[in-house]
Structures are given as structure tokens and as C-alpha cells.
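Dear colleague,

Please find below the structure for your files. My notes on it follow directly after.

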Amino acid sequence: MTTIDTTAPVVRPAATVGVTGVRARLGRSLQRGGWFVAPFLLLYALFVLTPIARGLWLSLTDANITGEGTSFVGLDNYTEALGDPLVWSSLGHSAYFTLLVVPCITVLAFLLAMLAHHIQHAKWLWRLCFFAPFLLPSTVVGNMWRWMFNPDTGLMDHVFHLESAWLTQKSTAMTAVVIATLWWTVGFSFLLYLAALQNIPPHLYEAAALDGANAWHRALHITLPMLRNVTGLVVALQILASLQVFDQVVVMYEFGPGPEESTRTLVQYTLEQGFTSYRVGYASAISILFFLIIAAVAVGRMWLLRKREEAVR
Amino acid sequence: MGQPGLNRRQLLTALGGLTVAGSLGFAALGTGADALASDARTRVRYWNLFSGGDGVNMIDMLDAFRAANPGVDVKDSTLRWGNPYYTKLAMAASGNRAPELAVLHLGRLAGFAPERQLDPFDTDLLAEYGVREQDFNPTLWQRSLIDGQLYALPLDIHPQLNFYRKDICAQAGLIGDDGNLITLTSPDDWFDALKEAKKVVKKGLQTIGLHAFDQNFAWWFFMSFYAQAGGTYYDEHLTDVTFDTGKATEILEFLRRHITDGYNIAGSPDAEHFMNGGAFVWEGGWSVPVYDAPKIPYGATPLPPLFGKPATQAESHAFVLPHQSDRGGAANEAAHRLAAYIVRHAVDWAKGGHIPAYTPTLTDPAYRKLTPQSEYASAMDHMALEPPAWFAGSSGTLAQRIGPVVVAANLGSTTPDAAARRMRQVLTQLLETSNPMGGGTA
């Protein structure tokens, strides 16, 4: 299992080459498949690069949703965002969610994968059961769990006798979302783990068994180390996805901020600023800040991984 | 594989051609259909946010208008209530794709820019269609003016009400000689009444439902009693915060006491408890059809005046003219005619629990026959309103920020005085944020 390289092919800077050289080089690279990349580049520029550039510009203005009467305000929006307690508290909620979800999902996905890998009967059924929830849309998941946590008629209350108002008190509000999210998305990481388990060469286990290693030792000294790469991938993907948590939370709390504003995530706050208060400039500044945070996490993870790979060598 | 004479390239070309032709064809068909439907009549596009019972009533009124005005083609679109509606309206108005007529919550008016997003009504034209200033409650009319021009035409108000079960309250001795709830004028009166009611309410049911967890309701009930106590939010010019944390603490303690004294089970489905035999529930007027359906004996009054003068929170549906750069002519006149017609024929609208804004309706025998509507019509004279700031209005920024604070006090996770101070902070912070639609702060 290797990590997926999502970076676009980079054209080498040609500062030292003359214009004709550039043209020749461009012509060659086009012949070598540039035209095949062109549709992608076009869409990428249209739907990713342009919005980022425009968002960056908007974040420096006091634009409202109508786009009229916009003026340049420099870094005012950024100053305001850094001093806005709601930015920090909602960033805190997103981070808290991430902190809860990532370890749980990693461990759970691993255990489920081990289970599905070792059970000999009806393998397809296990895989289907664990993966199926992932196929549901977030609105369905959100509504379903909102009903399940209902204090009067919900499943949690009737079947498990957890007689607390899960969605209406601060102490359990985010946990309820975490539970729903685990159920919903564990299937994806489960599949990654299952594929990785199937990729471990059987002869390793045979050799270990011959040397007298029992099942526990084999799991500890063969399976776990062989899954190191995929664990890195699962953790990284989950961190990035969890920081951007939005849809299941707003559905479960009906676009409100949750009990005592304990579940408002940063994405939700950005939406409120942009589409309730109509402060598009300010909302853009918050999303640019958020983008920087997520990019920092991604780069930090790459840096950590690089060190570890060097250590392995 | 494949049919002779048709290679891949030809197939692709043919498919591409079909797609292009198809899209052009449908586009042409679309405009054709529009043109056919509109004929030579004047078209009025009308956006509203009424669904459920309100939606049915509105469509009935539109059909009546259509029958009376065959020369006007009303194209109504019902959109989802809340922020998505206002976002669409704001963007359409500034993008010059606006309809001729739309509905707005009056509290939102300050957040919409005059001239750029909304056009003023022609009051002479309205008078021609029978709608004049003297037909409206003065407070309501004043709220609809910006710089002396009428930017909104109020259709109704929808107040917060105290729904009570006549059968339960009679057993508790709370029904007067007129068959309605006795007058209660202080918090002590009120809790004494609740105490009596609790004795006759079945076990497991709450005595009163007050949507303790709902940030909107919590805020609306707070507003009502805070206004009764004479509390304000900002000074007249929206420059200083005048929020009285002492009064606010008193109101928050009052609301909290319903839960601590066991009259309310926070988080219960309030409507169900009431229909099954709870004594009271606080709800918006729009719940009248909900309680009419099961044929329970009930009445509804404005929220009881327990802290001084009567006041109950009320919002208002109003017609607006979204900005069109070429507004005028027959379409504009038809929009005025439609708005005036519906405002004047709002008896049917009142069945949905709203109080018609057009005051002659209130003396209409057909309206006076409606119960409990006629019992709470006085709410029109005692409206507790949000400050006229850009961040106010139904499901707006103010409710979104301040509502959760009231909920926290209701649930006891914040003390009433800490919540009152937090509310003041929210009000201060919002006042410091400049109006994104221009026009300085607030």
C-alpha cells in the first residue's frame, strides 16, 4: 500500500532558457501527453485555482453577498478573525471532534478488518455490513442518528436505556456526533486495512509459526508492523476529513450551534458569517485561515513520514 | 461486435450532435412554453416562503385573486423558509433577476439595502387599490418605512401565545366567568396557577411546554417578558447598548424556575404533551391549526403580562418589491394590486393563526367568529420587537447568537446573571460589526 500522489505534474521553471527554448520544450511536453492533461488542468484551474484566488482577494475586502459596494480593507478581516472568540471556539470544536474520531476510527477499523479477515464463513456479509453505511448520504445519517438519540422515542433510550438527552446537553453533544460518524465512515478505513491485511505475504506467518510464535506474537510482530504504512494513511486521511467536519453536525443539530454552542464547527461558522450575516469578505478570511491550518497539518504529516522513511532505510 | 457501418468515431459524433441539439431544443422549448403561458397578460412573479397550512391558504388566496383579475398572470414560487430564502432574495435583487413581488419577515428589513435590493412601494397606487396608512397599526407601519418611504407592506403579525387547555384549567379553577383563562398579572400569580394546574395534570405529562431547548423560542419568550419589564437593547440611534442585565437576570430566573419547580420537563415534545393533557404550552400563533386538528378544548392569549405592561414577541410577514432596475409599468402595478388584494382579503390567512395586519379585517364578523384568533388579536398593540438593526430578524444573526445563551440559562448550565452578562456582550459585539450591506454600523 503506498500513499496516493495527488500533486499535479509540475512544469519545470525555465528561467534560464530562452523563449524559443520554452516553446520547444512546451511543444515537446505537449507531444508527450500534455494534451491529455489539458482537460484536467482546465477544470482544475476553473474549479480549484480560480476560487482559491478569488477567495484570497475577497478576504482582503468587505464584500457582502451581493458583490456591490465592495472596498479593499487590507488585513482587517484577518485581524478581526484572530480576535473573534467564536472563531477560536469553533476551531476548538473541530479539533476536539478530530481528536475523538481519529483514534477511535483507526482502532475500530483495524479490529473490524481483523475480524472480517479471519472469519471463514460468509466473508462477503461481514464486508458488506461494515462498509454499507459509508454509502449513505450525510443527510440520511444525520437524521437517522438524530432520531436514535431522541430522548422520548429514540433507540438509545428504548433499547439501551441510556436515559439521557444526548443531543441537548453539552457533555454528550459532540460524543453523539462522534458515534454517528464512527458508524458512518469506519467502513472506508476498514477496507484499506482489509486490503493491507490481504497483502501481507502468508509465508511470513508460516515461518513465524515454524519458529514457534503463537497467534498473539504473530499479530504483534508481523501484522502490526506490516500495517504501519496503511495506518499512516488512515490517520492522515481521517485527520484531514475530520477537521472539515460539517454536514452530519448541522443535520443533527438542525443548523443550530448545539447545546450551549458546543458543536459549532469552523466550517459552520464560516457558513453563518457568509450566508446569515452576508459578510462574504470576513467568511473568506476565515476559510483562508482554515485552509492554512489544514495545509500545515498535511505538510507536517508529510514531514514526519519522510523522517520515518529515512529511519527505516 | 458492433453494427456494420458504424464505427466508434461516427457514434461519438452522432451522440455529441444529439446532446447539443437536445439542449438547444429544450432551451427553445422552455422559452416557448413560457411565452405561451404568459400570453399577452401581465406577468407577476411572486416568491414566498409559505409551506404547510400557510401554503395552502396562500394558494387559495392567489386563486381567488386570479379569478378576480384574469389580466394578471401570477407565477408563484414557494421557497424553503429561513436563511436560504433570504440569501436567494438578496442575490437575485442585486443581480437584477428579481421577481416582481416577494415576502419578507419585517425584522429582516434593516438587513436589506433600500434602492439596491428593494424598491419602495408607491403609496398612491396602493391607496387606489384600497390600502392606506390609517388601516395599519402605527408601530407596524413605522417599522416598514425607511427614510420615510414604504419599503414593506405588512400582511400579518405572528405573536407568541399562551395556549391553555380549557378542560384542564377549569378543573384547576383557572377559568373565569367568560369561559376564558383568568387574568394573571405577576410571577407569583403565574406560579400559583401552575401549581393548581399541576395537581390536575396526569402524571408523566408536563404542566407547561416552553421549548426550553429551542434557541429561537427561548429568545422570543425572553424578549416578551423583558419588554414587559420595560427593558431595551440599544438607544434610539443604535449607538449605545442599553441592555439592563438586572432586569434580564430576573427574566432568566423566571424562565428557569419553570424547570426547577418541575412544571416543565426540558426536551419533551411540547405539542404532544399539550394535546395529551398538559395545561399550557407557549407557541407561535402558527400552531393554531395544529391544535384545531385534534378538536381539543383550548384557548390562546398573548403571553401573560407578569412583569408590568403587556408585551408579547411578534414577527410580521410583509410584502416587498425586490429591486428591478426597470421596475415600473403594468407588471409593477399588478404587483401592487396583488399585494393589496391579499392584505385586504386576509380573513382566510387568519385561519393559519396569524393576526391580519390590515386592521379593518379585525372587525370583520368572519374574523371575530374565529376562535381562538379573536381572543389574542390584542397582541397587535403590544408587540415586543427586536431592535431595528441589520443583524435582527427571523432566524437572523442576533437570534443565532443570543438564543443559545438563553437556552443555557434555561437548562441551568449557566447562572442567570452570567447569562445576562453574556447577552450584553453579544449585543455589544454585534453593534460593533459594521453592516455588510453598507450604511455604517447597525
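**Two helices of chain A**

Helix 7 of chain A and helix 10 of chain A are roughly antiparallel to each other. The model is a predicted one, and in it helix 7 (residues 170–199) and helix 10 (residues 228–243) of chain A pack at an angle of about 170°. Their axes lie 10 Å apart. An angle over 145 degrees counts as roughly antiparallel, which is why the pair is described in that way.

On the side of helix 7 of chain A, the contact is made by A:Ser189, A:Leu192, A:Tyr193 and A:Ala196. Helix 10 of chain A contributes A:Val230, A:Leu233, A:Val234 and A:Gln238. Of the residues in this contact, six are nonpolar and two are polar, while no charged residue takes part.

**Chain A as a whole**

Chain A has 13 helices and zero strands. The C-alpha trace of chain A spans about 70 × 65 × 35 Å along its principal axes. Of its 313 residues, 29% are buried. Among contacts in chain A with a separation of 6 or more, 71% are between residues 24 or more positions apart.

Two residues of chain A deserve a note on their backbone. Phi of A:Ala122 is positive, near 50°, although the residue is not a glycine. A:Ala122 sits in the loop between helix 3 (85–118) and helix 4 (123–131) of chain A. Is A:Ala122 buried or exposed? A:Ala122 has 10 other C-beta atoms within 10 Å; a residue with 12 or fewer is exposed, and A:Ala122 is therefore exposed.

The place of A:Glu260 is the loop between helix 11 (247–252) and helix 12 (266–275) of chain A. A:Glu260 has 19 C-beta neighbours inside 10 Å and so counts as partly exposed; burial would require 20 or more.

**The contact between the chains**

How many residues does each chain bring to the contact? Chain A supplies 21 residues and chain B supplies 22 residues. On the side of chain A that touches chain B, the residues divide into six nonpolar, eight polar and seven charged.

**Chain B as a whole**

Chain B has 16 helices and 15 strands. Along its principal axes, the C-alpha trace of chain B spans about 90 × 65 × 50 Å. Buried residues account for 47% of the 442 residues in chain B. Of the contacts in chain B between residues at least 6 apart in sequence, 79% join residues at least 24 apart.

Helix 9 of chain B comprises 16 residues (residues 245–260). Which residues of helix 9 of chain B are buried? They are B:Ala248, B:Ile251, B:Leu252, B:Leu255, B:Arg256 and B:His258. Seen down the axis of helix 9 of chain B, these buried residues fall within an arc of 140° and therefore line one face of the helix. On the other side of helix 9 of chain B, B:Gly246 and B:Thr260 are exposed.

The cover over the buried residues of helix 9 of chain B includes strand 9 (208–209), helix 8 (215–228), helix 15 (397–411) and helix 16 (416–432) of chain B. After helix 9 of chain B comes B:Gly262, with a positive phi near 80°.

Helix 16 of chain B has 17 residues and reaches 25 Å from its first C-alpha to its last, close to the 24 Å expected at 1.5 Å a residue. Its buried residues are B:Pro416, B:Ala419, B:Ala420, B:Arg422, B:Met423, B:Val426, B:Leu427 and B:Leu430. Around the axis they cover an arc of only 160°, which puts them on the same side of helix 16 of chain B. Helix 9 and helix 15 of chain B are included in what covers the buried residues of helix 16 of chain B.

**A cis peptide bond in chain B**

B:Thr371 and B:Pro372 are joined by a cis peptide bond, with omega about 0°. B:Pro372 lies in the loop between helix 14 (365–368) and strand 15 (383–384) of chain B.

With kind regards

Definitions and conventions
Residues are numbered from 1 along each chain as its sequence is written. Chains are lettered from A and ligands numbered from 1 in the order in which they are written. This is a predicted model: local features need pLDDT of at least 70, side-chain atom pairs count only at pLDDT 80 or more; totals for chains, interfaces and linings use all residues. Helices (H or I, at least four residues) and strands (E, at least two) are DSSP runs, numbered from the N terminus. The expected span of a helix is 1.5 Å times one less than its number of residues. The arc is that of the directions from the helix axis to the C-beta atoms. Two residues are in contact if their C-beta atoms, placed from the backbone, lie within 7 Å. Axes are lines fitted to C-alpha atoms, for helices over the stretch in contact, and angles run from 0 to 180 degrees between N-to-C directions. Angles under 35 degrees count as roughly parallel, over 145 as roughly antiparallel, 65 to 115 as roughly perpendicular and the rest as oblique. Ala, Val, Leu, Ile, Met, Phe, Trp, Tyr, Cys and Pro count as nonpolar, Asp, Glu, Lys and Arg as charged, and the others, Gly among them, as polar.
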